[in-house]
Amino acid sequence: MSTLLSAPTPVTGITVDTETAGSSRALTEEIAALTRSAYTRSDPLPGLPQPDGALETAGQVAHDLAAHQQLWVARDHDGHAVAALRITARPASWEVRRVAVLPAWRGRGVTRHLLDTVQQVAAEQHIDTLHLDAVVERCLPDLYAHLGFTHRRVFRAGDKPLTEWHMERRPGPDRAPAAAAIAGLYLCWFTAQGQLLAFLQHAPDGAAAVAAARPHLPATARLAGLDVLPGTGLHHADDLLRHLPAQAAPGMPCALGQARTEVAFHLLPRSFEPRLLSLTRHAPGRERPLPQPTPTENE
C-alpha cells in the first residue's frame with residue numbers, strides 16, 4: 001500500500017511516498033536493488049567491513065515492513081525509485097535507518113528532501129526528533145551533520161570493529177545540545193603533502209588536542225580524523241605507539257610516509273586497539289583546515 005506525501009519539487013523533481021506491509025514483491029525487489037547499489041563500494045576509505053546494506057534482499061525489506069517499519073521512497077518523474085529510507089516510529093522519536101540513494105542521484109538534494117518530508121510528517125504527528133546511528137570510519141557523521149543532525153553520543157559498534165555516533169535532528173533552532181567533551185589520550189590524524197601524520201596528546205577534548213598539534217605541523221596540514229582512549233593519560237601511550245613507527249612519541253607529529261588509504265591503523269583503528277573511539281573521519285579531499293591561532297596566541 002502506498003501513500004503519496006509530496007508533489008514534485010523544482011530542486012530534485014521527485015515525489016515521496018510511503019509503503020507499508022503488504023507491498024508487492026516487485027517493490028521489495030526494487031528497494032533491495034536500490035539499497036545494494038547505494039551501499040556497494042560506498043565507503044570513501046577502503047578496507048572496512050562490508051556494509052550490511054550491500055547485502056540487502058527483498059526478503060529483508062519485506063521483513064522490515066512486516067515488523068511495522070515505514071518505507072519511504074523518493075521517485076523520479078518516471079516513477080523509478082531513486083532513494084529510500086526506513087523509519088521505526090516510536091512515541092517520542094522516529095529512528096531513521098537504511099538511507100539509500102542511487103549513485104547517479106547523489107549530490108542533488110534528494111536525501112535532504114526525503115528527510116525534510118519525513119520530519120514534516122513526524123511533526124504533524126507531534127514527533128519532533130529524528131535519530132540515527134552513523135559510522136565514523138565510513139565518514140558518515142559529516143554527511144548527517146550537513147543534513148542538520150547533531151552528535152549526541154559515541155559508542156563502539158557491537159558487531160564490527162567500528163565506532164558510531166548516535167545523532168539527532170530537530171526542526172528549528174532549539175536543537176539538542178551536542179555531546180559532552182571527552183577527556184583522554186587523543187590520536188590526531190593529519191594530512192600534509194600527500195602523506196599521513198599522527199600526533200598523540202592527552203587533552204580534555206579534541207579541539208584542545210588539535211590546538212596542541214598545530215604549532216608542530218606544516219602550514220599545509222589538514223585534519224583527517226580523531227581517535228581517543230577515553231579517561232586515559234600518557235601512561236597508556238605505549239598502547240597506541242606500538243602501532244606507529246618506532247620514532248613516534250607523545251607531543252610530536254610522526255610522519256608515516258604513506259597516504260591515508262595505505263595506513264591500516266588509520267582506516268580501522270579498533271581492529272588494532274578495541275578500546276579506541278573514532279570521533280571523526282573526514283573523507284579524502286574533504287580534510288578540514290586547521291583553526292587559525294587567536295591574536296592572544298600570536299602575542
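For sorting residues, I count Ala, Val, Leu, Ile, Met, Phe, Trp, Tyr, Cys and Pro as nonpolar, Asp, Glu, Lys and Arg as charged, and the others, Gly among them, as polar.

**Ground rules.** I am looking at a predicted model, where local features need pLDDT of at least 70, side-chain atom pairs count only at pLDDT 80 or more, and totals for chains, interfaces and linings use all residues. Residues are numbered from 1 along each chain as its sequence is written, and side-chain values use heavy atoms, with hydrogens and water left out.

**Pockets.** I looked for pockets on a 1 Å grid over the protein atoms alone: a pocket is an open set of points where a 1.4 Å probe fits, with protein on both sides within 12 Å along at least five of seven lines, and lining residues have an atom within 4 Å of a point. Points are joined across faces, edges and corners, and volume is the space filled by probe spheres set on them.

The second largest pocket came out at about 500 Å³. Its lining has 26 residues, with W165, G206, L226, L279 and T280 nearest the centre. I sorted that lining into 18 nonpolar, four polar and four charged residues.

The largest pocket holds about 1,500 Å³ of space. I found 42 residues lining it, and Y39, V99, L140, L143 and Y144 are the closest to its centre. Which element gives the most to this lining? It is strand 5, with seven residues; strands (E, at least two residues) and helices (H or I, at least four) are DSSP runs numbered from the N terminus. By class, I noted 20 nonpolar, six polar and 16 charged residues here.

**Cores.** Next I checked nonpolar cores, sets of buried Ala, Val, Leu, Ile, Met, Phe, Trp, Tyr and Cys residues joined through side-chain atoms within 4.5 Å. Buried means under 20% relative accessible area, exposed over 50% (1.4 Å probe, protein chains only). The largest core has 49 residues, and W72, L85, W94, F190 and L279 have the most contacts inside it. Helix 3 (residues 110–124) gives the largest share, six residues. A separate second core of 18 residues includes A198, L200, F265 and L276.

Most residues other than glycine have a negative phi. H126 has a positive phi of about 65 degrees, and this residue sits in the loop between helix 3 and strand 6. Is H126 buried or exposed? H126 counts as exposed because its relative accessibility is 75%.
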